[in-house]
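Please read the following note alongside the sequence and the coordinates. Comments are set out as numbered points.

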Amino acid sequence: MAPHPVDRPLISAHQLTKQFGDFTAVGGIDFEVRAGEAFGFLGPNGAGKSSTMRMIGCVSPPSAGTLRILGLDPAADGPQIRGRLGVVPQRDTLDEELTVRENILVYGRYFGLPRSVVRERAAELLDFAQLTDRADSIVEPLSGGMKRRLTIARSLVNNPELLLLDEPTTGLDPQARHVLWDRLFRLKRSGVTLVLTTHYMDEAEQLCDRLVVMDGGRIVAEGSPRQLIAEHATREVLELRFPADDHAAYAVKLDGLVPRIEVLPDRLLLYTEDGDTTAKAVHDRGLAPLSVLARRSTLEDVFLHLTGRTLID
Amino acid sequence: MWARAFSYWMASYRRIWRGSLVSGFLNPVLFLAAMGIGLGALVDNGSAGGVQGVTYLTFLAPGILAAQAMQTAVFESTFPVLGAVKWQRQYHAMLAAPLGVPDLVVGHLVFVAMRVAITSTAFLLITVAFGAIGSWWAVLTLPVAVLTGLAFAAPVFALAARQDGPGGFNMLFRFIIMPMFLFSGTFFPVEQLPAALELVAMVTPLWHAVELCRGLALETMTMVPALGHVAYLLLWVGAGLWLALASFRKRLVL
């Protein structure tokens with residue numbers, strides 16, 4: 001396998017578009033992923049994350065724009081690119097009637113790896129995924145977390161340079177998610193480039209060096225989690241609860257205090273550089289909230305600010 | 001590349017081959033016993049005195065051979081294909097690897113052909129044991145059975161890849177496969193049918209398969225009709241393959 005030139009990005013997309021009939025799933029996006037980084041697509045359901053991932057995975061041809069993966073064109077070199085990718089799809093594609101080990105063996109054969117190599121590799125991967133003691137169990141009764149770890153182990157059978165993870169921890173309990181994150185950290189440390197989609201902010205903050213926020217098929221923000229918070233939120237958020245059903249009335253009374261106030265049904269969010277100072281200013285205006293909480297801004301604040309609070313179904 | 005897809009189906013088959021072997025030829029053997037021996041006694045001793053100059057069992061056995069090839073192939077091409085598209089999603093796993101749509105279709109079809117070859121061999125051995133087939137020409141019915149299987153499997157692949165549930169398969173079994181099984185010359189010569197229906201029967205691929213198998217087993221087949229039957233079955237394989245590739249692309253490459 002030829003080493004990839006360091007200066008060239010591993011993935012580069014220009015005006016990348018995916019249309020299904022009249023519906024535009026991805027509306028002309030630009031991004032680059034560099035070797036060794038963990039890159040995230042963050043966005044609500046229907047933002048176009050999975051469509052983008054499927055194009056990167058060379059299973060869905062772009063409708064327009066250019067896409068280069070490992071310096072190759074998916075339209076011309078799809079199979080060659082896929083041979084160097086690992087893919088963890090949103091829905092597991094395991095054969096639940098085969099054993100854990102057989103799933104890896106069969107998958108290794110898809111990449112044309114000799115049986116002896118796959119056998120050896122399977123043992124390593126089972127160890128990595130902490131599934132060695134379940135190696136000869138049928139997949140069907142395993143827990144969601146185990147199945148997900150198996151899917152990840154399987155995706156590594158061909159020693160991929162680039163690992164695509166579409167919502168890797170959706171539907172898992174907190175313990176299972178942390179085990180999975182730990183495994184992904186190890187992969188990243190060993191030099192595998194990770195590209196993942198998620199709608200979990202904590203996941204994005206934990207794993208991603210850089211991310212883009214997608215909404216309605218477009219990229220609405222780009223940067224490291226820290227940069228995004230700095231650009232699209234303030235350093236801190238002051239949460240105020242008042243003894244009233246209508247918090248909008250209180251927002252009026254606080255007008256001009258901070259650059260941005262958000263009214264939620266049960267509280268006000270004041271975006272501020274210094275929560276304590278702002279809390280004092282609120283009291284100085286003669287207001288007495290039921291509760292006051294000053295906290296750091298999170299990616300979730302950025303996310304909700306950029307993509308709105310309306311439920312998308 | 002298709003061999004990689006085939007190797008998956010083999011791995012999956014290794015778990016279930018004993019059960020599938022028994023169920024795969026038990027059914028045709030029951031038909032052979034009930035019809036060939038039970039009903040056959042009436043036919044042979046009645047005014048007909050056999051069919052086309054042979055005992056009913058001898059007449060029936062090659063017909064059942066062709067029909068079970070059809071049934072095995074159709075069964076293997078319905079739920080397994082839909083499952084690989086929609087439920088277990090094995091095809092999606094293959095497409096994430098370097099395999100392409102033609103590899104998926106060909107690899108799976110070759111597996112179906114192998115399944116047909118296995119059940120047909122088992123059935124043929126039983127018919128020899130029953131004394132229903134005695135000619136060495138009958139060995140040639142094995143490739144014919146595989147060809148028959150493919151002539152059904154390929155178009156059924158195309159159909160299955162477009163389904164969302166088992167509804168379409170029930171229609172297929174009830175309104176196409178079952179009538180074909182009964183009326184395409186398996187149990188009686190199609191000349192017994194009204195002229196219009198006889199023509200319909202002769203358009204079905206199963207009739208051509210039955211004619212070929214029977215002609216070989218009874219040593220009555222001649223070259224030109226044989227080539228015609230083979231060509232007609234190949235036509236179904238080719239057209240079915242083309243349709244299957246289109247269906248698979250439409251369903252899997254979005």
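1. Basis of the note. The model is predicted, so that local features need pLDDT of at least 70 and side-chain atom pairs count only at pLDDT 80 or more, whereas totals for chains, interfaces and linings use all residues. Residues are numbered from 1 along each chain as its sequence is written, chains are lettered from A and ligands numbered from 1 in the order in which they are written, and side-chain values use heavy atoms, with hydrogens and water left out.

2. An unreviewed UniProt entry places the feature "domain: ABC transporter" at residues 11–241 of chain A; UniProt positions are given in the numbering used here, feature names are shortened, and annotations may be inferred rather than shown by experiment. In the model, this span is 37% helix and 28% strand, and its end C-alpha atoms lie 46 Å apart. Helices (H or I, at least four residues) and strands (E, at least two) are DSSP runs, numbered from the N terminus.

3. Domains of chain A. The domain assignment gives domain 1 (11–230) and domain 2 (234–296) of chain A, the bounds coming from an automatic or database domain assignment. Taken over C-alpha atoms, the centres of domain 1 and domain 2 of chain A are separated by 40 Å.

4. Helix packing in chain A. Helix 3 (residues 100–110) of chain A packs against helix 5 (residues 144–155) of chain A at an angle of about 30 degrees, with the axes 9 Å apart. The arrangement of helix 3 and helix 5 of chain A is therefore roughly parallel. Axes are lines fitted to C-alpha atoms, for helices over the stretch in contact, and angles run from 0 to 180 degrees between N-to-C directions. Angles under 35 degrees count as roughly parallel, over 145 as roughly antiparallel, 65 to 115 as roughly perpendicular and the rest as oblique. In contact (heavy atoms within 4.5 Å), A:Val100, A:Asn103, A:Ile104 and A:Tyr107 of helix 3 meet A:Leu150, A:Ala153, A:Arg154 and A:Ser155 of helix 5. This contact of helix 3 with helix 5 of chain A comprises five nonpolar, two polar and one charged residues. Ala, Val, Leu, Ile, Met, Phe, Trp, Tyr, Cys and Pro count as nonpolar, Asp, Glu, Lys and Arg as charged, and the others, Gly among them, as polar.

5. The unreviewed UniProt entry gives "domain: ABC transmembrane type-2" at residues 19–251 of chain B, a span that is 79% helix and 0% strand in the model. The annotation "transmembrane region" covers, among others, residues 63–85 and 105–130 of chain B. Residues 63–85 of chain B are 100% helix, with end C-alpha atoms 33 Å apart; residues 105–130 of chain B are likewise 100% helix, with end C-alpha atoms 37 Å apart.

6. Helices 2 and 3 of chain B. Helix 2 (residues 17–45) and helix 3 (residues 56–87) of chain B pack at an angle of about 155 degrees, with their axes 9 Å apart. Helix 2 of chain B is therefore roughly antiparallel to helix 3 of chain B. The contact includes B:Phe31, B:Leu32 and B:Asp44 of helix 2 and B:Tyr56, B:Ile64 and B:Gln68 of helix 3. Its residues divide into twelve nonpolar, three polar and one charged.

7. Helices 5 and 10 of chain B. Helix 5 (residues 101–130) and helix 10 (residues 223–252) of chain B pack at about 125 degrees, with their axes 9 Å apart, and are therefore oblique to each other. Among the residues that meet are B:Val101 and B:Leu109 of helix 5 and B:Phe248 and B:Arg249 of helix 10. The contact of helix 5 with helix 10 of chain B has ten nonpolar, no polar and one charged residues.
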